[in-house]
Amino acid sequence: MSAPSVQADAAPQAPGVAAMDGPDLIEQAGRVIDQFEMRFFESLLSAPRLASDLANAAHHLPQVNDAVLATIAAGFFLIAFYCAISIGSRQRRLAAAKARIPVIAMLRLTAWSLLPFLATAVAARFLLVHGLDDMAEQSGFVRDSLLAVVIWLASLTFLALVLRPGIAHLRLIALNEQGARRAFRWGALLLAFAQLQAAALDAAERAGLPRPSLALLAALGAVALLILVLRLLAQLRLSGLKPLLHLCLVWLAIFGVVLWIWGWVMQNMALFQGMKGLVIGILIALAFDRSIALSISLSRRPAVMRLLFVTRVLVDALAIAVILRVIAGYWLVGSLSLIDPDDWPDYSRRLNFALVLLVCAAGLAALIHALIEARIMPQEALGSLDDQELQQARVSTVLPIIRFSLLALIGGVFSLVALSALGIDTTPVMAGAGILGLAVSLGSQALVKDVISGVFWMLDDAFRLGEDVEIDGKPGRIERIQIRSLRLRGADGRLHTIPYGQIEIVASRSRSLITARITIRLTDSPSTVQQDQLLRLVGSTLRSEPAIQAAIVGKITLSDVVTGAHAHELGLTFNLLRVSAAGVLPLIPPLLHEVLQTTDLALAQDAVEVSLVETPPGGEPTMQIAASTP
């Protein structure tokens, strides 16, 4: 439905709605409701003379002439032109919807879906300027009729973007294919009925139909349209429409009809236009949000997922800002007059600045969240299941705490700045927040201590999920790591919940070291100076590789020197973390061989060999794994 052309002519604001110096919402609402009741019953009482009023208005309607016939022909031409382009680009739309990334698919599909409408709008403009220009200047009927056709085609395009017939994976509303096609067909007919109704009301109003009869006619047409919409929604229940969504659409249809009747009775369509803007904004935001969420779920690259997450937050924040701006522009000023129209330009600038601040705050919060997750999550695949459990434990504990703290800080600061930009005194808010923060800090010292202690236990990597540990002399296996406590399963089967703030000593039984032995073979016996240089070179080389450096525990020492008839061997030993040894072992021989080739040492065949040696309690060393250069 489109808005009528008549607004409040006698006053600069809605009839019967006075500007308020100090808004009393209850008193203002009472005055508006009283005025609506008076005008609505006046419209109902005009029912007996509705036929005579329509007959009198019919004499002032434009007669069927060349302009009317040319307008009808132009309207049919625009509809046929739209259908031809839409059918011709159908294969392009289907191909665009098959893009691997749903966001790209949605953007391409939207572009191809808008092509028929944009081409038709250009054609309508061409007809008005070059084909029907004389007729359009003589009568507004030609211009208004073609505009009504273009608006209906725009509604049809938007309906297709929401229902996506033939493209189920990008469909905004959960319907099966049969339901989507039925909703599109009947929706197109209902939109045409609504557009014709609006055009007829506009023509009747220009023909001089009295305002009460005009409002009654608008109410009758709206009720008939509501019955048809409710019938269609009932049929869509059988095609996959969820009950909650069905209920929301029913109430949305009822609310829209009420606002439509309100607009014609009060001669101000601001509420109805605001509701249309809200619905369109919400549906577009949901379309983008669903596409981005689907792209995130299908992506396998963490960097792309984080970028899409930030984009999704920005899109949602921008949609919320637009919705708030629509509410303020259409409702708070025009109909409810909670803001003085004279003060609206200055208040509009303040509101725009505040909304921009909130969008920036949302984007900054999303960016910080993504950066924190990127820092805590590993940059490459972990080498063992223990490492994966470690990262999961640290992420599930540290990230929510850091994220909550930073988001609370960003939200508080940007909210105060936005409120200040709107002219609201933030001093009481800050004072109340300070008192509330003091009360919370005094009443939750133990909770804060546990949470902060947990953060540092996680950062220190003191324990991991599934490890056998001994906490303050209490042995057991860690079953769960939470925000303020961990759960330890004792040897007797009992489950202990231990707050982080009460933990003093943690001894890990699962973490043990394994000895790595590097054997370097030379053809000549090295001197003492060369041995010292070699030891320093090997140490600096190994510690220059981040993965090896993270696995080394303690110093690298020269264990022995073996001199034979054909080769001389130097042995170096150091300790490695057991969980990282298997992944680190293949990296050492090629790294050392590359560095040793730059020295003046005479390397033998298989110059570098690395072996892992485990020494059982009271036993002899046993060889586990070995790696060497070719």
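Is Glu609 buried, partly exposed or exposed? Select Glu609 and keep that in mind: with a relative accessible area of 25%, Glu609 is partly exposed. Bear in mind as you click around that this is a predicted model.

**Stop one: strand 6**

Select residues 513-522, which make up strand 6. This strand is mostly covered, with 7 of its 10 residues buried.

**Stop two: Arg521 and its partners**

Show the side chain of Arg521 next. Arg521 is buried, as its relative accessible area of 18% falls under the 20% cut-off. Now bring up Glu569: Arg521 forms a salt bridge with Glu569, and the closest N and O atoms are 3.1 Å apart. This pair links distant parts of the chain, since Arg521 sits in strand 6 and Glu569 in strand 8, 48 residues apart. Glu569 itself counts as partly exposed, at 28% relative accessibility.

Then go back to Glu609, where we came in. The side chains of Arg521 and Glu609 also meet in a salt bridge, 2.8 Å from N to O. Here again distant parts of the chain are linked: Arg521 is in strand 6, Glu609 is in strand 9 (residues 603-614), and 88 residues separate them. Leave Arg521, Glu569 and Glu609 on screen together, as salt bridges with shared partners join these three into one network.

**Stop three: helix 8**

Move over to residues 177-206, which form helix 8. Select Glu177 and Arg181, both in this helix and 4 residues apart, about one turn of the helix. Their side chains meet in a salt bridge, with 2.9 Å from N to O.

**Before you close the viewer**

How many salt bridges does the model have in total? The count comes to 5. Among them are Arg181 with Glu177, Arg521 with Glu569 and Arg521 with Glu609.

Definitions and conventions: Residues are numbered from 1 along each chain as its sequence is written. This is a predicted model: local features need pLDDT of at least 70, side-chain atom pairs count only at pLDDT 80 or more; totals for chains, interfaces and linings use all residues. Side-chain values use heavy atoms; hydrogens and water are left out. Buried means under 20% relative accessible area, exposed over 50%, partly exposed in between (1.4 Å probe, protein chains only). Helices (H or I, at least four residues) and strands (E, at least two) are DSSP runs, numbered from the N terminus. A salt bridge is a side-chain nitrogen of Lys or Arg within 4 Å of a carboxyl oxygen of Asp or Glu.
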